[in-house]
Amino acid sequence: WQVRPLRSLRETLISIHHMSPFTRSVYEVAADACLRARDYGEFLKCQLQLLHVIYPALEGMSELGEPWHQTRWAEFCSLGLLYFTCLAPERDGVEICSTLRGIPSRLLATAPLQFALAVLNSLTQNDYLGFMRLHAQALPSAQLLMEGCIRKVRERALHQIARSYHVFPSTRLQELLLMDGEAGAKAMRECLEAVGGARVQGISRALSSWRASEPPPLQMEFK
C-alpha cells in the first residue's frame, strides 16, 4: 500500500524541482518499499533517479557528506547492478556498463559494490554454486533481486551436475542449491522437470520419485 502514495509524492517533488535531503529520503524509502513489494519497475525508476540525479546534485550542494548517505549511495549502486545482472539479462551488457560508468570511483571499493561485482562475475563465469553461496550471504534487499534468476541458476547447476556425475547425493544437492523444506522440494521438482525436458539421460528416474511425493533418495542417479 505504500508504493502508490510514495510514487505520487516523489513525482510531485521532481516536477517542482525540489532537490533536498527530504527528496533523497522520499526516494530511498520509496525504493525500499517497491523492492519489498517486488514492484521492480517502480524500484528501477527510484534507483535511477537517485543514482543519476539526486545523489550527484546533493553532493554538489554539500548535502551528502554524512557517512550514512554515502553508504546508501553505495547500496543503491549495488542494487542497480544486481537488477540488470539478475532481472534484465537481455540488456545486461549496455545497462551494466552504463551503471558502472555512473558510479563514483570511491564507491567501487565498498562492500556492497564488491558483492554485486562478485555476483556478476559468478554468472559470467558460469560459477552457479558460487552464485548460490553469495545468495546465502546476501542482505535481504540483494536476495530479492537475485531471486530473479535463481531458478535458472539452479537449472543450469543441476544440468552440469547431471552431466558430470553418475550418482550424486540428493541431500547434498539440496544443500548446495539452497532448496530446503517444502518450498525447496517444490523448487527441486521444477528444476528436475526443466532439466529432464532438456533430455539429460537418466533424469526421468529421479523425477518420477519426486512426482510421487516420496522422500528424496539418498543417491540421485544420473545415467
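These are my notebook entries on what I looked up in this predicted model.

**Entry 1: overall make-up**

I began with the secondary structure and found eleven helices and two strands in the protein. Reading along the sequence, I wrote down the pattern α-α-α-α-α-α-α-α-β-α-α-α-β. I then looked up burial, and buried residues account for 44% of the 223 residues. For contacts between residues at least 6 apart in sequence, I noted that 59% join residues at least 24 apart.

**Entry 2: salt bridges around Arg72**

I next turned to charged pairs, keeping in mind that side chains of opposite charge can pair when their charged atoms come close. The structure holds six salt bridges, and I followed some of them in detail. In one of them Asp32 pairs with Arg72, with 2.9 Å between the closest N and O atoms. Because Asp32 sits in helix H2 (residues 21-36) and Arg72 in helix H4 (residues 67-87), this pair ties together parts that are 40 residues apart in sequence.

Arg72 also forms a salt bridge with Glu75, where the closest N and O atoms are 3.1 Å apart. Here both partners belong to helix H4, and their spacing of three residues puts about one helical turn between them. I therefore recorded Asp32, Arg72 and Glu75 as linked in a network of salt bridges, each link being a side-chain nitrogen within 4 Å of a carboxyl oxygen.

**Entry 3: a pair within helix H3**

I then checked Glu42, which forms a salt bridge with Lys45 at 3.0 Å between the closest N and O atoms. Both residues lie in helix H3 (residues 40-60), three residues apart, or about one turn of the helix. I noted that Glu42 is buried at a relative accessible area of 8%, whereas Lys45 counts as partly exposed at 45% relative accessibility.

I took Leu82 as an example: leaving aside neighbours within four places in sequence, its contacts are Leu87, Phe115, Ala116, Val119, Ala142, Leu145 and Met146.

**Entry 4: H6 against H8**

How do the axes of H6 and H8 cross? They come within 13 Å of each other and cross at roughly 5°, so I recorded the two helices as roughly parallel. At their contact, Phe115, Val119 and Leu123 from H6 meet Ala142, Met146, Cys149 and Val153 from H8. By class, I counted this contact as seven nonpolar, no polar and no charged residues.

**Entry 5: Ser78**

Last, I looked up Ser78, which lies in helix H4 and is buried, with a relative accessible area of 5%. Not counting residues up to four places away in sequence, Ser78 touches Pro112, Leu113 and Ala116. I also noted that 9.3 Å separates the C-alpha atoms of Ser78 and Thr99, which are 21 residues apart along the chain.

Notes. Residues numbered from 1 in each chain as written. Predicted model: local features only at pLDDT ≥ 70, side-chain atom pairs only at ≥ 80, totals over all residues. Heavy atoms only, no water. Helix = DSSP H or I, 4+ residues; strand = E, 2+ residues; numbered from the N terminus. Buried < 20%, exposed > 50% of the residue type's maximum accessible area, 1.4 Å probe, protein only. Contact = heavy atoms within 4.5 Å. Axes fitted to C-alpha atoms, helices over the stretch in contact; angles between N-to-C directions. Parallel < 35°, antiparallel > 145°, perpendicular 65-115°, else oblique. Nonpolar A, V, L, I, M, F, W, Y, C, P; charged D, E, K, R; others polar.
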